[in-house]
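Dear colleague,

Please find below the structure that I am handing over to you. A summary of the findings follows it.

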Amino acid sequence: MSGPVVWSGVRAVCFDMGGTLVRPEEVATTGQVAEVLGISLEEARALMGRRAKRRLVAPQDLAHELAAGFGRPALAVPLAKVLERARRRGEDPPLYPDVRDTLSALRQRGFSLYALTNALGSSVPDQEPEAFRRLLDGVFYSARTGAVKPEREAFAAVEHASQLRPDELLHVGDSVNADVHGAAAAGWHTVWLDRHHKAGPLMPAASTPCLRSLNALPLLLPVRATAGTITSEVAG
């Protein structure tokens, strides 16, 4: 972060989940599915983005769909194991150490807090984990909204539920394309959370602050959220 940035009009902060709030596995679920199917990670991401991340589906049902789609029904069993494990992880997600204190501090200042994530429909828990119920006003899963970041409709779902304008919303995420570019295109303020010092061809604009942890996020925001009633609604 090069210097202090204060967005006086921000009334709500929205976070990506995996890599931002939640510590991911060494190999993400999509990567594990790619390994079982014997395809590249890019192919698996494209495959999941077409349907599996846009609707709720049971782990075993998705496993059978994927195995049948590749003409290899025997793969349904190992695929189900991967997807069921991801579902259990979604029910009790491991948060980064800086999450609870940062979100609690922002809540005390009066900000509404949300999460917006591209999630396999098989990984979405029936009930929100206790940590999210305590820390967030709503979690928006692509499998429930039908829209995948960086699509405009994904961010519109948060706007609709919060009843806030794009310029009143800040999105924080680790993906330059899905989180930073997607939110910026929607007219939101953006923060790139680069926990692992990434580098690549898709980099945020200079106007997007880069943080190494969430601890510095409160420094970017006013002491109190903009005056007015902040309406929040849990997605789902």
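To begin with the terms, a pocket is an open set of points on a 1 Å grid over the protein atoms alone, with protein on both sides within 12 Å along at least five of seven lines, and lining residues have an atom within 4 Å of a point. Grid points are joined across faces, edges and corners, and a volume is the space filled by probe spheres set on the points.

This is a predicted model, in which local features need pLDDT of at least 70 and side-chain atom pairs count only at pLDDT 80 or more, while totals for chains, interfaces and linings use all residues. Residues are numbered from 1 along each chain as its sequence is written, and side-chain values use heavy atoms, with hydrogens and water left out.

The largest pocket

The largest pocket holds about 1500 Å³ of space. Its lining consists of 44 residues, and those nearest the centre are G18, A28, T30, K53 and N118. Two or more lining residues come from each of α1 (29-37), α2 (41-52), α4 (76-91) and α9 (176-185); helices here are DSSP runs (H or I, at least four residues), as are strands (E, at least two), numbered from the N terminus. With four residues, α9 provides the largest share. By type, the lining has 21 nonpolar, 13 polar and ten charged residues (Ala, Val, Leu, Ile, Met, Phe, Trp, Tyr, Cys and Pro count as nonpolar, Asp, Glu, Lys and Arg as charged, and the others, Gly among them, as polar).

Helix α1

Seven of the nine residues of α1 are buried (under 20% relative accessible area, with exposed over 50% and partly exposed in between, using a 1.4 Å probe and protein chains only). These are T29, T30, G31, Q32, V33, A34 and L37, and they pack against α2, α3 (59-69) and α4. After α1 comes G38, with a positive phi near 75°.

Two individual residues

S142 lies in helix α7 (residues 142-145) and counts as buried because its relative accessibility is 1%. Beyond four places in sequence, S142 is in contact (heavy atoms within 4.5 Å) with K53, R54, T117, N118, A119, A147 and V148.

N215, in the segment after β6 (210-211), is exposed, with a relative accessible area of 52%. Setting aside neighbours within four places in sequence, N215 touches D98 and T102. N215 also lies 8.2 Å from V99, C-alpha to C-alpha, although 116 residues separate the two in sequence.

Yours sincerely

Methods:
On a 1 Å grid over the protein atoms alone, a cavity is a set of points where a 1.4 Å probe fits but cannot get out, and a pocket is an open set with protein on both sides within 12 Å along at least five of seven lines; lining residues have an atom within 4 Å of a point.
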